[in-house]
Amino acid sequence: MIVFDQVEKSYQVAGRAIPALHPTSMTIETGEVFGIVGHSGAGKSTLVRLINKLEPSTGGRILIDDEDITRYSAAELRAFRRKVGMIFQHFNLLSSKTVADNIAFPMKLAGIYSKAEIRSRVDELLARVSLSDHANKYPSQLSGGQKQRVGIARALACRPTILLCDEATSALDPQTTQSVLKLLADINRELGLTIVLITHEMDVVRRVCDRVAVMDAGRVVEMGPVSEVFLHPQHPTTRDFVFESENVDRDELQEDLQKAEGRILRLTFKGESTYKPLLGSVARESGVDFSILSGRIDHIKDTPYGQLTLSLVGGDLEVAMKALEAAEVHVEVVR
Amino acid sequence: MEALMESLMGNVDWAEIGWASWDTLVMVGMSLLFSVLIGLPIGVLLFLTGKRQLLEQPVAYAILSFIVNLLRSVPFIILLIVMIPFTVMLIGTSLGVAGAIPPLVAGGAPFFARLVETSLREVDRGIIEATQAMGANVRQIIFGALLPEALPGIIAGITVTAITLVSYAAMSGVIGGGGLGDLAIRFGYQRFQTDVMVITVALLVIFVQVLQMAGDRLVLYFSRK
């Protein structure tokens, strides 16, 4: 468990303290995939670096499994860092070392593993990230996705309990992003390790995270389960991110809504109700006519969801809304 | 044919040329060795104590940087003369091959240190950060990540230093340093034996070309980018 207790960070620039993170308290549970989303400069990169003290905090306490890491000595910190893996946007592999040597590097630094142990662990990790055929290649000979998989294998080498991902998919194409995210989800499930992932893409959060914190200008402005934050965003920044990820042009949407007749409802289906043939039966029972203004069906991590914006005319609206709510559909009246 | 050679290169004593070439090789080789041994740690220190680096130490950096600049700003021909008392103290003579080596190192080491500093700065900061995140200490970061990553740049730096030392070594002939430079000055310049001058210059050109080619090969061999 990672606990932030009034943690803050500021930089001294020309004698003045510039805040990068305002006092923040939050808890990241063991074994969850926690996303931190925000625009560049929002402070998410700083936040994630506080966890392994690549950036020292300037106030508050950071408790990891009940130990305050802000008070660690240099030696304690180095031992602690071996238990925290990290992957990076630009992979940060050593260009002078082969794939196998890159993966072995953290184990060699730790100085507590025998050569045989290192060799067998490297083989195991290479297989885990499907790169066994590339053991003796150099990073420059690999594609971006392969490089990030080496990064992941390297981060896992010393069997960490926490994995920090700093924009790990931002330099990858959509398809490669998919496969890297799938690998991260598998690792989280199979090894039970806590993943803290920062990104500026809500889509990444939607695919793998359990909970998410949205950051804006050095503050966490919204936090909660991904389905909650994603389907019912409260803060303007969060809304921006959600709209962005759904490729919705807000002005266009407003225009469409203005043209529509009658009442406008936004329905959110989650889990099993997503697949039920609900709309037809509700329309028949209540006598309303509906037209779909916009809609989307997708997954949040493993849970299917659907979101439809409808305009309704005629019939008994009350009955229709009751029937929808009875079927566990979240109904929001837009107009 | 022999007559032609005799009329063109009458003054050339090939045995002398051979010895002088060997002397130049020894001077460059030895001074390069010591320049690297002294310059490499200074370059690493310059890098580490620099702004926003691992061991940021503005005072230490300023002092080191000043000494390096001082040695580099003195023209080598002056450095040769200024160093004479120190060289005598160190090895007993300021003449010959041995006497030339201390001033060559005094000129070569700070030059190489700057090249090392520059090539270390070219190492991606992300790699240092990643190595830190793995729990490496400073020594491990230097030997495990920084130096291996900067190796091609450092080898290129050794090549440039070696070539600079060839010309410095030739210059040391002015104060009786030995080698091809000494030959060029005593025979080519002072006795107007143009043929000796041409031969020594040609040999120096060949020497530099070979060094550069070997250096480039090595850089290529160690480059993984």
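1. Two strands are said to pair if DSSP finds at least two bridges between them. With that in mind, strand β11 (residues 263-270) of chain A and β14(A) pair in the antiparallel sense, over four bridges. One place to look for this pairing is A:T268, which stands opposite A:H330 in β14(A). The model is a predicted one, and the points below should be read with that in view.

2. These two strands belong to an open sheet of four strands, whose order in chain A is β12-β13-β11-β14 and whose pairing is antiparallel. At the edges stand β12 (289-300) and β14 (330-333) of chain A, each with a single partner strand, so one side of each is left without a neighbour in the sheet. Direction ignored, neighbouring strands of this sheet are turned against each other by 15 degrees on average. Helix α12 (residues 317-326) of chain A lies across β11, β13 (303-313) and β14 of chain A, and this helix runs at about 145 degrees to β14(A).

3. Along the principal axes, the C-alpha trace of chain A spans about 75 × 50 × 35 Å. Of the 335 residues in chain A, 39% are buried. Among the contacts in chain A with a separation of 6 or more, 69% are accounted for by residues 24 or more positions apart.

4. Chain A is divided into domain 1 (2-244) and domain 2 (258-333), and the centres of these two domains, taken over C-alpha atoms, are separated by 38 Å. Where they meet, eight residues of domain 1 of chain A are in contact with seven residues of domain 2 of chain A. On the side of domain 1 that touches domain 2, α7 (202-208) and α8 (226-231) of chain A each supply at least two residues, and α8(A) gives the most, with four residues. By class, this side of domain 1 has four nonpolar, one polar and three charged residues.

5. Which way do the residues of β6(A) point? A:V84, A:M86 and A:F88 point one way from this strand, while A:G85 and A:I87 point the other way, and all are buried. Strand β6 (residues 84-88) of chain A is accordingly described as mostly covered, with five of its five residues buried. Its pairing with strand β7 (residues 162-166) of chain A is in the parallel sense, over five bridges, and the bridge partner of A:F88 in β7(A) is A:D166. As a general point, strands of a sheet pair through backbone hydrogen bonds, either parallel or antiparallel.

6. The largest nonpolar core has 142 residues, and A:I103, A:C165, A:V196 and A:L197 are the ones that touch the most other members. The largest share of this core, 13 residues, comes from α8(B). Domain 1 (2-244) and domain 2 (258-333) of chain A both give residues to this core, so the core lies between them. To take one of its members, A:I103 is in contact with A:V122, A:L125, A:L126, A:V150, A:A153, A:R154 and A:A157, leaving aside its neighbours within four places in sequence. In soluble globular proteins, nonpolar side chains tend to be buried together.

7. Chain B has 10 helices and zero strands. Its C-alpha atoms fill a box of roughly 75 × 40 × 25 Å, taken along the principal axes, and buried residues make up 41% of its 225 residues. Among contacts in chain B between residues at least 6 apart in sequence, 70% join residues at least 24 apart.

8. Why is B:L180 counted as buried? A residue is buried if 20 or more other C-beta atoms lie within 10 Å of its own, and B:L180 has 28 other C-beta atoms within 10 Å, so it is buried. Not counting residues up to four places away in sequence, B:L180 touches B:A20, B:S21, B:T24, B:A170, B:T200, B:L203 and B:L204. One of these, B:L203, is 23 residues apart from B:L180 along the chain, and the C-alpha atoms of the two are separated by 8.3 Å.

9. Finally, the two chains meet through 19 residues of chain B that are in contact with 19 residues of chain A. On the side of chain B that touches chain A, α7 (125-133) and α8 (138-171) of chain B each supply at least two residues. The residues of this side of chain B divide into eight nonpolar, six polar and five charged.

Conventions
Residues are numbered from 1 along each chain as its sequence is written. Chains are lettered from A and ligands numbered from 1 in the order in which they are written. This is a predicted model: local features need pLDDT of at least 70, side-chain atom pairs count only at pLDDT 80 or more; totals for chains, interfaces and linings use all residues. Ala, Val, Leu, Ile, Met, Phe, Trp, Tyr, Cys and Pro count as nonpolar, Asp, Glu, Lys and Arg as charged, and the others, Gly among them, as polar. A nonpolar core is a set of buried Ala, Val, Leu, Ile, Met, Phe, Trp, Tyr and Cys residues joined through C-beta atoms within 7 Å. A residue is buried if 20 or more other C-beta atoms lie within 10 Å of its own, exposed if 12 or fewer, and partly exposed in between; C-beta atoms are placed from the backbone. Domain bounds come from an automatic or database domain assignment. Axes are lines fitted to C-alpha atoms, for helices over the stretch in contact, and angles run from 0 to 180 degrees between N-to-C directions.
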